[in-house]
Amino acid sequence: QENAQIYFKRYNKAKSAFYNASRQLKKTMQELDYLESVSHLLNSCSTMTELEEIREELIEQGYIAIKSKKTNREQKKKTSVSSPLHYKSTDGFDIYVGKNNKQNDFLTLKFSGSRDMWLHVRNMPGSHTIIKCHKKDVPESTLLEAASIAAWHSKALRSSNVPVDYTLVKHVKKPNNAKPGMVIYENFKTIFVTPDE
């Protein structure tokens, strides 16, 4: 009985350690995904305003400590806000692309309607891409163009045959306590494109 109790205690300890390690691994992987997306977005910045927006995001997320006595509100007033990229498809549809995680959240969660189309490269950092549908069906040519744009504004811009997932915005959700730009989606289809500037 004593041996059985010793082994049972060891089992419970190992079970608890496995559970805690699994939770920590999941959290660490989410953190890594977020930091990879920030790294990609930093590499694609073209103006000081865009860099400042990413800096603000990192301050808000606790990655950068500020020593200034100014509050975040005062700093936000001074910083100008950049706009998402805007393209027009050959069929006349508006396509918008986020240049940072805050813009990704804005485009997906506030700017777009539930019937608009959302695109993102599969399993790698990239920008959220929105096709404004205005209650029209999206032609395949516009879908291909938007997928190419999404692939171009991702870590896969130098790759070929890039998988891009697309779904209606209503199928895209932001989990509770998720970092900026992080979403989950369902009911999607995948299109393969080769990015071309």
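**Entry 1. Strand β5**

I began with strand β5 and found six of its seven residues buried, so this strand is largely enclosed by the rest of the structure. I note here that the model is a predicted one. I then looked up the strands that pair with β5. Strand β3 runs antiparallel to β5, and five bridges join the two. Strand β8 also pairs with β5 in the antiparallel sense, again over five bridges.

I followed Val-164 through these pairings. The bridge partner of Val-121 in β5 is Val-164. In β8, Val-164 has Ile-191 as its bridge partner.

**Entry 2. The nonpolar cores**

I next asked which residues have the most contacts inside the largest nonpolar core. They are Met-117, Leu-119, Ile-131, Leu-143 and Val-164, in a core of 21 residues. At least two residues of this core come from each of β2 (94–97), β3 (117–121), α5 (140–152), β5 (162–168) and β8 (189–193). Helix α5 gives the most, with six residues. I recorded a second, separate core of seven residues, which includes Tyr-96, Trp-118, Val-172 and Val-183. As background, nonpolar side chains tend to be buried together in soluble globular proteins.

Setting aside residues up to four places away in sequence, Leu-143 touches Met-117, Leu-119, Ile-131, Val-138, Tyr-166 and Ile-191.

**Entry 3. Val-97**

I turned to Val-97, which lies in strand β2. Is Val-97 buried or exposed? Val-97 has a relative accessible area of 0%, and buried means under 20%, so Val-97 counts as buried. Apart from neighbours within four places in sequence, Val-97 is in contact with Pro-84, Leu-85, Tyr-87, Gln-103, Leu-107, Ser-127, His-128, Thr-129, Ile-149 and His-153. Pro-84 and Val-97 are 13 residues apart along the chain, and their C-alpha atoms are separated by 5.6 Å.

I looked up Ser-154 in the loop between α5 and β5. Its relative accessible area is 0%, so Ser-154 is buried. Which residues is Ser-154 in contact with, leaving aside its neighbours within four places in sequence? I found His-40, Val-121, Pro-125 and Gly-126.

Asn-161 is also in the loop between α5 and β5. I noted that the phi of Asn-161 is positive, near 55°, in a residue other than glycine.

I then found Asn-123 in the loop between β3 and β4 (129–132). Asn-123 is not a glycine, yet its phi is positive, at about 55°. With a relative accessibility of 73%, Asn-123 counts as exposed.

Where is Leu-25 found? Leu-25 is in helix α1, which covers residues 2–43. Its relative accessible area is 53%; exposed means over 50%, so Leu-25 is exposed. Together with Met-29 and Leu-32, Leu-25 forms a nonpolar patch on the surface. The accessible area of these three residues together is about 280 Å².

Methods
Residues are numbered from 1 along each chain as its sequence is written. This is a predicted model: local features need pLDDT of at least 70, side-chain atom pairs count only at pLDDT 80 or more; totals for chains, interfaces and linings use all residues. Side-chain values use heavy atoms; hydrogens and water are left out. Patches are made of residues with over 30% relative accessible area and no salt bridge: like charges are joined within 9 Å, nonpolar side chains (Val, Leu, Ile, Met, Phe, Trp, Tyr) within 5 Å. Accessible areas come from the Shrake-Rupley method with a 1.4 Å probe; for residues, only the protein chains shown count as cover. A salt bridge is a side-chain nitrogen of Lys or Arg within 4 Å of a carboxyl oxygen of Asp or Glu. Helices (H or I, at least four residues) and strands (E, at least two) are DSSP runs, numbered from the N terminus. Buried means under 20% relative accessible area, exposed over 50%, partly exposed in between (1.4 Å probe, protein chains only). A nonpolar core is a set of buried Ala, Val, Leu, Ile, Met, Phe, Trp, Tyr and Cys residues joined through side-chain atoms within 4.5 Å. Contact means heavy atoms within 4.5 Å. Two strands pair if DSSP finds at least two bridges between them.
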